[in-house]
Amino acid sequence: LSTGSYQPWNSGWNYRNDGVDIQTNTDNTNSNGYHIGYTQKNEWLKYTVNVQETGFYNFKFRYATEQTGGKPKFFLDDVDFAGDVTLGSTGGWNNFVFQTVSNKYIEAGTHVLKILVDGNASYNMSSIEFIKSTDAIPAFEVLSASTNDDEKSIKIILNQPLNNQEITSNLF
């Protein structure tokens, strides 16, 4: 939309002027010198990730905030793979720390990672890592279930593939 007058869209005033607020940082861990800032509820980012090997991974998300209660939602190919994540205060907008979501099953291949800003607390986002887990394989569980639009079937999200396991009603 052109109004004939300049309006900044990037509140961080760095890198580019679009809807993503980018700031410079001095974080020495996994940093390219920039981070996402000024996040607001319902904003989102998408990244393409290429997973080399099927398995369980720890997902490490680097963030900084003076507030508590940030609630990022993490989707892989439109499926919430991390569950509820709540961020605490790190003591400052440039004091970056890791939040780890442990032992999540991911198949090899190219995927779309979407990060949705939920909750009313703002936070800065610096980096994302997927690290092969060395933890024991978690117990089989249902992560979520929902009725499909046809109202005749349900979509069930599991924390790992079935691989010839018998599904019983006590799992739901």
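N42 lies in the loop between β2 and β3. Strands (E, at least two residues) and helices (H or I, at least four) are DSSP runs, numbered from the N terminus. The model is a predicted one: local features need pLDDT of at least 70, side-chain atom pairs count only at pLDDT 80 or more, and totals for chains, interfaces and linings use all residues. Residues are numbered from 1 along each chain as its sequence is written, and side-chain values use heavy atoms, with hydrogens and water left out.

Phi of N42 is positive, near 75°, in a residue other than glycine. N42 counts as exposed, at 52% relative accessibility. The cut-offs are under 20% relative accessible area for buried and over 50% for exposed, with partly exposed in between (1.4 Å probe, protein chains only). Y38 is placed in the loop between β2 (34-36) and β3. Y38 is not a glycine either, yet its phi is positive, about 55°. Its relative accessibility is 39%, so Y38 counts as partly exposed.

The protein chain has 11 strands and 0 helices. Buried residues make up 34% of its 172 residues. Contact means heavy atoms within 4.5 Å. Among contacts in the protein chain with a separation of 6 or more, 65% join residues 24 or more positions apart.

An open sheet is formed by 4 strands in the order β3-β8-β5-β6, with antiparallel pairing. Two strands pair if DSSP finds at least two bridges between them. The edges are taken by β3 and β6 (79-80); each has a single partner strand, so one side of each is left without a neighbour in the sheet. Within the sheet, β5 and β8 run antiparallel and are joined by 6 bridges. K73 has L116 in β8 as its bridge partner.

A145 lies in β10 (residues 142-147). Its bridge partner in β11 is I156. Not counting residues up to four places away in sequence, A145 touches K155 and I156. A145 and K155 are 10 residues apart along the chain, and their C-alpha atoms are separated by 5.5 Å.

In soluble globular proteins, nonpolar side chains tend to be buried together. A nonpolar core is here a set of buried Ala, Val, Leu, Ile, Met, Phe, Trp, Tyr and Cys residues joined through side-chain atoms within 4.5 Å. The largest such core holds 22 residues, of which F59, F61, F74, L113, Y123 and M125 touch the most other members. At least two residues each come from β3 (44-51), β4 (55-65), β5 (71-76), β7 (92-106) and β8 (109-118). The largest share, 4 residues, is supplied by β4. Beyond its neighbours within four places in sequence, M125 is in contact with H35, I36, T39, L45, F61, R62, F96 and I115.

The largest pocket has a volume of about 440 Å³. Pockets and cavities were defined on a 1 Å grid over the protein atoms alone. A cavity is a set of points where a 1.4 Å probe fits but cannot get out, whereas a pocket is an open set with protein on both sides within 12 Å along at least five of seven lines. Lining residues have an atom within 4 Å of a point. Grid points are joined across faces, edges and corners, and a volume is the space filled by probe spheres set on the points.

The lining of the largest pocket numbers 19 residues, and V79, F81, Y105, I157 and L158 lie nearest its centre. By class, the lining divides into 10 nonpolar, 5 polar and 4 charged residues. Ala, Val, Leu, Ile, Met, Phe, Trp, Tyr, Cys and Pro count as nonpolar, Asp, Glu, Lys and Arg as charged, and the others, Gly among them, as polar. At least two lining residues each come from β7 and β11 (154-158). The most, 5 residues, come from β7.

F81 is found in the loop between β6 and β7. At 8% relative accessibility, F81 counts as buried. Leaving aside neighbours within four places in sequence, F81 is in contact with F59, F74, F75, L76, K104, L113 and F130. The C-alpha atoms of F81 and K104 are separated by 7.1 Å, with the two residues 23 apart along the chain.
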